[in-house]
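Dear colleague,

I would be grateful for your comments.

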Amino acid sequence: TFAGKFDGDDHGLDISYDEPTGEIHALRGRHFAGVQFHPESILTTNGFRIVRDILEGLSQKITPQPRS
């Protein structure tokens with residue numbers, strides 16, 4: 001399994017990681033969000049809420065551009 005490791009510098013991002021191992025589970029920046037697991041899986045507790053929160057957070061940051 002490949003996983004990113006938190007090095008102690010958040011680089012201006014919101015980072016969710018496992019403290020004992022430093023393995024990163026999720027990242028959120030100004031214009032992106034990503035997870036290192038499958039929240040849509042039936043086995044993920046609160047998976048629907050996780051996906052909803054990611055999409056709602058990103059949609060609030062999108063400014064519709066006029067069509068030309």
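Y17 stands opposite I24 in β2. In this predicted model, local features need pLDDT of at least 70 and side-chain atom pairs count only at pLDDT 80 or more, while totals for chains, interfaces and linings use all residues. Residues are numbered from 1 along each chain as its sequence is written, and side-chain values use heavy atoms, with hydrogens and water left out.

β1 and β2 pair in the antiparallel sense over four bridges (strands are DSSP runs of E, at least two residues, and helices runs of H or I, at least four, numbered from the N terminus; two strands pair if DSSP finds at least two bridges between them). The open sheet has three strands, ordered β1-β2-β3, with antiparallel pairing. Because β1 and β3 stand at the edges with a single partner strand each, one side of each is left without a neighbour in the sheet.

The largest pocket has a volume of about 160 Å³. A pocket is here an open set of points on a 1 Å grid over the protein atoms alone, where a 1.4 Å probe fits, with protein on both sides within 12 Å along at least five of seven lines; lining residues have an atom within 4 Å of a point. Grid points are joined across faces, edges and corners, and the volume is the space filled by probe spheres set on them. Of the 14 lining residues, A26, R28, V35, I50 and I54 are the closest to the centre of the largest pocket. α1 gives the most to this lining, with four residues.

Yours sincerely
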